[in-house]
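Please go through the model below with this report at hand.

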Amino acid sequence: PEVCEVVNQMGITHYYADEDGKYYNFLRSSRFPGLYNVDTSYGFELVDQGGTAKLYRITACDAVSENADSASAENK
């Protein structure tokens, strides 16, 4: 729920996945660990892929967003 709250507040709709690699003298995953090795088996819909890159639509928060929208409408 906490992740979905941030995803919805920031308007994040997609997740870009690619292989880890070196950037200067460090692995990118060491600087941005939350963006690598994400389990996309649930809550993600593959939109496109090419080479090592994949683009997913985030679906895990759809129900959370819909519930929040209807609750907000009810409180108006």
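How many residues lie between strand 4 and strand 5 in their hairpin? There are two, and Gly51 in the turn has a positive phi of about 60°. Keep in mind that this is a predicted model.

## The sheet

Strands of a sheet pair through backbone hydrogen bonds, either parallel or antiparallel. Here three strands form an open sheet in the order 1-5-4. The pairing is antiparallel. Strand 1 and strand 4 are the edge strands, each with a single partner, so one side of each has no neighbour in the sheet. From one strand to the next, the twist averages 20°.

Strand 4 covers residues 44–50, and strand 5 covers 53–58. Six bridges join these two strands in the antiparallel sense. One bridge brings Phe44 together with Ile58 of strand 5.

## Aromatic rings

A pair of aromatic rings is described by the distance of the centres and the angle of the planes. The whole structure holds five such pairs. One of them joins Tyr15 and Tyr56, which are stacked at 6.2 Å centre to centre with 25° between the planes. Tyr15 belongs to strand 1 and Tyr56 to strand 5, so this pair ties together parts 41 residues apart in sequence. Is Tyr15 buried or exposed? Tyr15 is buried, with a relative accessible area of 10%. Tyr56 is buried too, at 9%.

Another pair is formed by Tyr23 and Tyr24. Their geometry is edge-to-face, with 4.7 Å between centres and 85° between planes. Tyr23 is partly exposed, with a relative accessible area of 45%. Ring pairs also link Phe44 with Tyr15 and Tyr56 into a cluster.

## The largest pocket

Rolling a probe the size of a water molecule over the atoms shows where empty space is left. The largest pocket holds about 280 Å³ of space. Its lining has 14 residues, and the closest to the centre are Val3, Val7, Val38, Phe44 and Ile58. Two elements give two or more residues each: helix 1 (2–10) and strand 1 (14–17). Helix 1 gives the most, with three residues.

What classes of residue make up the lining of the largest pocket? Twelve are nonpolar, two are polar and none is charged. Phe44 and Ile58, both among the residues closest to the pocket centre, are also the bridge partners named above.

## The second largest pocket

The second largest pocket has about 190 Å³ of space. Of its 13 lining residues, Tyr15, Ala17, Asp18, Tyr36 and Asn37 are the closest to the centre. Strand 1 and strand 5 are the elements that give two or more residues to this lining.

## Backbone points to check

Most residues other than glycine have a negative phi, and most peptide bonds are trans. Which way does phi go at Tyr24, positive or negative? Phi of Tyr24 is positive, near 60°. Tyr24 sits in the loop between strand 2 (22–23) and strand 3 (26–27). Its relative accessibility is 67%, and Tyr24 therefore counts as exposed.

Asn37 also has a positive phi, about 60°, although it is not a glycine. Asn37 is in the loop between helix 2 (28–31) and strand 4. At 81% relative accessibility, Asn37 counts as exposed.

Technical notes. Residues numbered from 1 in each chain as written. Predicted model: local features only at pLDDT ≥ 70, side-chain atom pairs only at ≥ 80, totals over all residues. Heavy atoms only, no water. 1 Å grid on protein atoms, 1.4 Å probe; cavity = no way out; pocket = protein on both sides within 12 Å on 5 of 7 lines; lining within 4 Å. Points joined across faces, edges and corners; volume = space filled by probe spheres on them. Helix = DSSP H or I, 4+ residues; strand = E, 2+ residues; numbered from the N terminus. Nonpolar A, V, L, I, M, F, W, Y, C, P; charged D, E, K, R; others polar. Buried < 20%, exposed > 50% of the residue type's maximum accessible area, 1.4 Å probe, protein only. Pairing = 2+ DSSP bridges. Axes fitted to C-alpha atoms, helices over the stretch in contact; angles between N-to-C directions. Phe/Tyr/Trp six-rings, centres within 6.5 Å; stacked < 30°, edge-to-face > 60°.
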